[in-house]
Amino acid sequence: MDFNLTEEQLQIRDEIRRVCREFPDRYWREVDRRRDYPEAFVRKLTELGWLGALIPAEYGGTGLGITEASMILEEINRSGGNATVCHAQMYTMGTLLRHGSEEQKKRYLSKIATGELRLQAFGVTEPNAGSETTRIQTTAARKGNKYVVHGQKIFISRVLQSDLMLLLARTTPYDELEDKSRGLSVFIVDLREAQGKMEVKPLDIMINHHTNALFFDGLEVPAENLIGQEGMGFRYIIDGWNAERILIAAEAIGDGRWFTERAAKYAGERVVFSRPIGANQGIQFPIAQAYARIEAADLVRYHAATKFDRKESCGAEANMAKFLASEAAWEAANACLTTHGGYGFATEYDVERKFRETRLLTVAPVSNNLVLAYLAQHVLGMPKSY
Ligand SMILES: Cc1cc2nc3c(=O)[nH]c(=O)nc-3n(C[C@H](O)[C@H](O)[C@H](O)COP(=O)(O)OP(=O)(O)OC[C@H]3O[C@@H](n4cnc5c(N)ncnc54)[C@H](O)[C@@H]3O)c2cc1C
């Protein structure tokens, strides 16, 4: 057992920290205030190759493991930024990498690695299905050498900031299926060609997340853009869940560290009743407790990431990491806000922004209830509850 990072990993961490210093608090605060996409930040990270971390070298990426990819996202959040603006590419392209044809990989991956193409959109969630993905209703009907898509999606992020979207759609009616996990298929949708057949309606939500409702009205997708086998799409999406959960855990760890560091610093500086507020156990214990929980979650995150990179099964660890880290980050967020008193609500301290942002990680891309349901059923052998 070795809890130390390698030289290469330490270098990656330092390099991401250096890049993030170019995008300080005021950059993220302004982007949040204007509800802008942090274009300059995402472009910089892409140009330096960091968003292609998981793309193998043969397709132009850096071919790093999930451990290193998770470190990249952690450092973004730890610096005060928000990695959700660009994390999707890391886990969506896994579906393409694992299940796409050689031709598709050659066509897309190298361009994603250089930044010529952006794959930051992932179209799964629907209003009438919610967490029950196998109930989605958006259909893709085969007509000759293309599929024609009808239906709607909700909360699909970064559609207006991406060139490509991975889309999950129904290719066999639900009632005709014996195995309800079949009948869904994954497609690569070229968003630049979707105009007129797909309406994008931006949603006004609590955080700056560029998420949308989508309405498909006869969107045509070339049959060659089907990934893998028709009807196997849900399986392919599930295959990406462990990576997704590990990456989200790392973002939450980054947030948790940001909150505890900021809280501890402020607690040492703010003097009320003639002494630093941090001298009061009512202030310091919640921060210390959150710190301990983040450190514990981090060990599970590295355990999950190490197993993932060794190609060992890691469903339990990946789910636990996501759960523990997002809950610990939320605890740290509350401790940090309390520590800052009224100033925690002032935008100039960035606490309220990070507070809003980290709350998402307990709900999306998967809600913690569903994570617990996985642990209860698949790890502890209890009856299926959903
Ligand atoms: C900002 C944001 C960005 C998003 N981006 C994307 C995106 O890019 N692509 C995409 O496809 N989706 C995206 N989502 C959707 C997200 O993945 C879903 O919101 C999430 O999976 C939960 O689905 P739901 O909102 O329909 O909740 P529901 O399924 O309606 O669930 C509501 C609540 O009930 C709980 N619940 C439901 N069933 C059970 C059960 N059996 N046992 C216990 N509890 C249960 C859930 O855990 C949840 O807490 C995004 C969401 C948000 C808010």
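Q: Among contacts between residues at least 6 apart in sequence, what share joins residues at least 24 apart?
A: In this chain that share is 73%, with two residues in contact if their C-beta atoms, placed from the backbone, lie within 7 Å. This is a predicted model: local features need pLDDT of at least 70, side-chain atom pairs count only at pLDDT 80 or more, and totals for chains, interfaces and linings use all residues. Residues are numbered from 1 along each chain as its sequence is written.

Q: How many helices and strands does the chain have?
A: The chain has 12 helices and 10 strands. Helices (H or I, at least four residues) and strands (E, at least two) are DSSP runs, numbered from the N terminus.

Q: What is the radius of gyration?
A: For the chain it is 21 Å, close to the 21 Å from the globule rule for 386 residues, so the chain is as compact as a globular protein of that length. The radius is taken over C-alpha atoms, and the rule is 2.2 Å times the number of residues to the power 0.38.

Q: Which domains is the chain divided into?
A: Domain 1 (7-114), domain 2 (121-234) and domain 3 (238-379). The bounds come from an automatic or database domain assignment.

Q: How many residues do domain 1 and domain 3 put into their contact?
A: Domain 1 gives 25 residues and domain 3 gives 23. On the domain 1 side, the elements with two or more residues are α2 (25-34), α4 (66-78) and α5 (88-99).

Q: Switching to the ligand, which residues are closest?
A: Val124, Gly130, Ser131, Ser367 and Tyr386 are the closest of the 23 residues that surround the ligand. A residue counts as near if its C-beta atom, placed from the backbone, lies within 6 Å. Elements giving two or more residues to this shell are β1 (121-123), β3 (146-157) and α12 (368-379).

Q: How many of the shell residues are charged?
A: The shell has no charged residues, with 13 nonpolar and 10 polar. At least three residues come from each of domain 2 and domain 3.

Note on methods
Ala, Val, Leu, Ile, Met, Phe, Trp, Tyr, Cys and Pro count as nonpolar, Asp, Glu, Lys and Arg as charged, and the others, Gly among them, as polar.
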